[in-house]
Amino acid sequence: MRPVTGGRWSLRRTLLSVLLGLTIALWASSAAIVYVEAEQESHELFDQSLAETANLLLSLVGNEVREHGYIKLPLQGHPNPERYLLFQVLDAHGKVLYRNAGSPDATLASSLPDGFSWGEIGGQRWRFHSLWDNARSLQLVVAEPITHREDISSRFFYKILAFGTLLVVLAAAVIWWSVNRVFRVLQGSADEVARRTPNDLLDVNLDGVPSEALPLIESINRLFARVRRTMEYEQRFTADAAHELRTPLAAIKTNLQVLQRARSVAERDEFIAALGVSVDRAGRLVDQLLTLARLDPQGETGLALAPGDLADLLREGQAGWRVAGARGALMVQLDIAAAPCALEVDSVRMLIRNLVDNALRYTPAPGTVRIACGLEDGRSFLRVVDSGPGIPAAMQERVFERFVRLAGSHQPGSGLGLSIVRRIAERHEARIGLGPGLEGRGLTVSVDFPAMPAQRTDER
C-alpha cells in the first residue's frame with residue numbers, strides 16, 4: 001500500500017491492515033484447500049465403504065439363492081430409514097426380488113450404470129452403487145443419502161472455522177503487540193527528540209531500537225553531529241571575527257580622533273591617508289571573513305567543478321603580479337605549462353591570488369617570487385616559491401588555522417589567507433604542502449590537483 005501523494009498516512013495502521021489482511025487471506029485459502037481435500041478424501045472413503053457393503057450384500061444374496069433358491073435375509077426396520085443405506089436386489093429383467101426396510105417397492109433408479117452414480121429419491125440426492133454377480137443374473141443396487149456426507153463435512157467445516165478463528169484472533173493479538181512494541185520504541189525516540197532544547201544536540205539513545213529503524217536514528221544522530229559542528233564553528237568564527245575586527249575599528253576610531261585635532265592641512269592629509277589604510281584593512285578583513293564563511297564545509301555539499309586549466313588563470317594575473325613585484329623591487333618569474341583539472345574558476349582564482357599576494361607581501365627586497373603550473377606524476381600542480389623568511393617547521397601546520405600569524409611579522413594581514421587556501425584545496429580534493437623556497441630560505445607552497453580524465457584532456 002502506498003500513501004496518497006501529499007497526504008498523511010499511518011505506518012502503524014498500514015502494517016496492521018496488511019499483516020492482518022495477509023494472515024486472514026492465508027488462513028482462508030489454506031482452510032479452503034484443506035476443506036476441499038478433506039471432502040474429496042471423505043467422498044473416496046464413503047465410496048469405498050459403499051462398494052465394500054455392496055460386494056458383501058451381493059455375496060450374501062448369491063449364497064442365499066444357491067442354498068435356498070430364494071433370498072432369506074432378516075428385514076429390520078429403522079425409525080428413520082431415509083437417512084441410512086437402502087438396497088435392492090433385482091433379477092436380470094429389473095424385477096425387485098428383495099429390498100431392505102425403507103426401500104421403495106419400485107426400483108430405486110432405472111437404467112443405472114455399473115459402478116457409482118448420482119441420483120434422486122424423494123427430491124433428495126443419493127449416491128448409488130450398482131453391481132452384478134458373475135452370471136449377471138442378480139443386480140444389487142445400494143443407495144446412500146448425501147446427508148451422511150453433508151453431516152460429516154459440516155462438522156469438519158465448523159471445526160476448521162472455529163480453529164481458524166481462534167488462530168486469527170491469536171495472530172491478530174501477536175501482530176498488534178509486535179507492531180505496537182516497535183512503534184513504542186520509535187515513539188520513545190521521537191519523545192526524546194521533542195523534549196530537547198535547541199542547544200541539546202546529544203545523540204539519540206540507540207538502546208532497544210530495531211535494526212530496520214537504526215539507519216533512521218543513526219542518520220538523525222549524524223545530522224545532530226553536523227549541526228553541533230556547525231554551531232561550534234559559527235561560535236568560534238563569530239568570536240574570532242569580533243576579536244579581529246576590534247583592531248581595524250580601533251585604528252579607524254583613533255585616526256578619526258587625531259584627524260579632528262589636525263593643526264594643518266598636511267597633518268590632516270596624513271591622517272586621512274592613515275584612515276584610508278585602516279578602512280582598506282577593515283574591508284579586506286570583512287571580505288576574507290565572508291569568503292571563509294562561504295567556504296565553510298558544513299554549509300555546502302560541494303563546488304560546481306568544470307574542466308579548466310590552471311595556466312589560463314596564471315596568464316590572467318601575470319601582468320599585475322609583475323607590476324606589483326617591480327613596485328617592491330621583486331623579480332616575478334612565471335613558468336606556465338598546461339595543467340588541466342576540474343575546478344571552480346572563482347575559488348581557484350582566489351586561491352592563486354592569496355598565495356601570490358602572501359609571497360609578494362612577505363618577501364623582502366631584493367627578492368624573487370616564482371609562480372609555476374604544469375603536470376607532474378599524473379596530477380596538475382600549482383607552485384608559488386619565494387625567497388622570503390619562510391615558515392618554521394613547527395608552525396607549518398598552524399599557519400592554516402584561522403587568524404594565526406607568525407610572530408615578528410610586521411606586514412598587515414588578517415591571518416585568513418592560508419586558511420582560505422586550504423579550504424579551497426579541500427573542496428577540490430587537492431593536496432597542499434609547504435617546503436623550503438629559493439636560495440636555501442623562503443617558502444614553497446604546492447597545490448596538487450587531480451588531473452582531468454584522459455578523454456577530457458584529449459579534447460582540449
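Two strands pair if DSSP finds at least two bridges between them; strands (E, at least two residues) and helices (H or I, at least four) are DSSP runs, numbered from the N terminus. The structure above is a predicted model, in which local features need pLDDT of at least 70, side-chain atom pairs count only at pLDDT 80 or more, and totals for chains, interfaces and linings use all residues. Residues are numbered from 1 along each chain as its sequence is written, and side-chain values use heavy atoms, with hydrogens and water left out.

**Exercise 1. Find the order of the strands in the open sheet of five strands, and name the edge strands.**

Step 1. Start with β1 and β2: three bridges join them, and they run antiparallel.

Step 2. Carry on from β5. Seven bridges join β4 to β5, and these strands also run antiparallel. In this pair, L131 has L140 of β5 as its bridge partner.

Step 3. The edge strands are β2 (96–99) and β3 (115–121), because each pairs on one side only. From one strand to the next, the twist averages 25° (axes are lines fitted to C-alpha atoms, for helices over the stretch in contact, and angles run from 0 to 180 degrees between N-to-C directions).

**Exercise 2. Is β5 largely enclosed or open, and what lies across it?**

Step 1. Buried means under 20% relative accessible area, exposed over 50%, and partly exposed in between, with a 1.4 Å probe and protein chains only.

Step 2. Look at the side-chain directions. In a regular strand the side chains alternate between the two faces of the sheet. In β5, L138, L140, V142 and E144 point one way, while Q139, V141, A143 and P145 point the other way; all are buried.

Step 3. Conclude. Eight of the eight residues of β5 are buried, so this strand is largely enclosed by the rest of the structure.

Step 4. Helix α2 (residues 146–194) lies across β3, β4 (124–132) and β5 (138–145), and runs at about 35° to β5.

Step 5. Visit the turn. β4 and β5 form a hairpin with five residues between them. R136 is found in this loop, and its phi is near 50°, a positive value in a residue other than glycine. R136 counts as partly exposed, at 45% relative accessibility.

**Exercise 3. Describe the surroundings of Q88.**

Step 1. Q88 lies in strand β1 (residues 86–91), and its bridge partner in β5 is V141.

Step 2. Its relative accessible area is 0%, so Q88 is buried.

Step 3. List contacts, meaning heavy atoms within 4.5 Å. Leaving out residues up to four places away in sequence, Q88 touches several residues, including V96, Y98, R99, Q139, L140 and V141.

**Exercise 4. Which residues form an edge-to-face aromatic pair, and where do charges sit over rings?**

Step 1. Rings of Phe, Tyr and Trp (its six-membered ring) pair if their centres lie within 6.5 Å; planes under 30 degrees apart count as stacked, over 60 as edge-to-face and the rest as tilted. A search of the whole structure finds two aromatic pairs.

Step 2. F157 and Y158 form an edge-to-face pair, with 5.6 Å centre to centre and 65° between the planes. F157 is partly exposed at 38%, whereas Y158 counts as exposed at 54%.

Step 3. A charge sits over a ring if NZ of Lys or CZ of Arg is within 6 Å of the ring centre and within 35 degrees of the ring normal. R125 lies over the face of W118, at 4.0 Å from the ring centre, and R383 sits over the ring of F381, 4.2 Å from its centre.

**Exercise 5. What does L330 touch, and which peptide bond is cis?**

Step 1. L330 lies in strand β7 (residues 330–336) and is buried, with a relative accessible area of 9%.

Step 2. Beyond residues up to four places away in sequence, the contacts of L330 include L360, A365 and P366. The C-alpha atoms of L330 and L360 are separated by 7.7 Å, although these residues are 30 apart along the chain.

Step 3. The peptide bond from A365 to P366 is cis, with omega near -10°. P366 is placed in the loop between α6 (345–362) and β9 (367–376).
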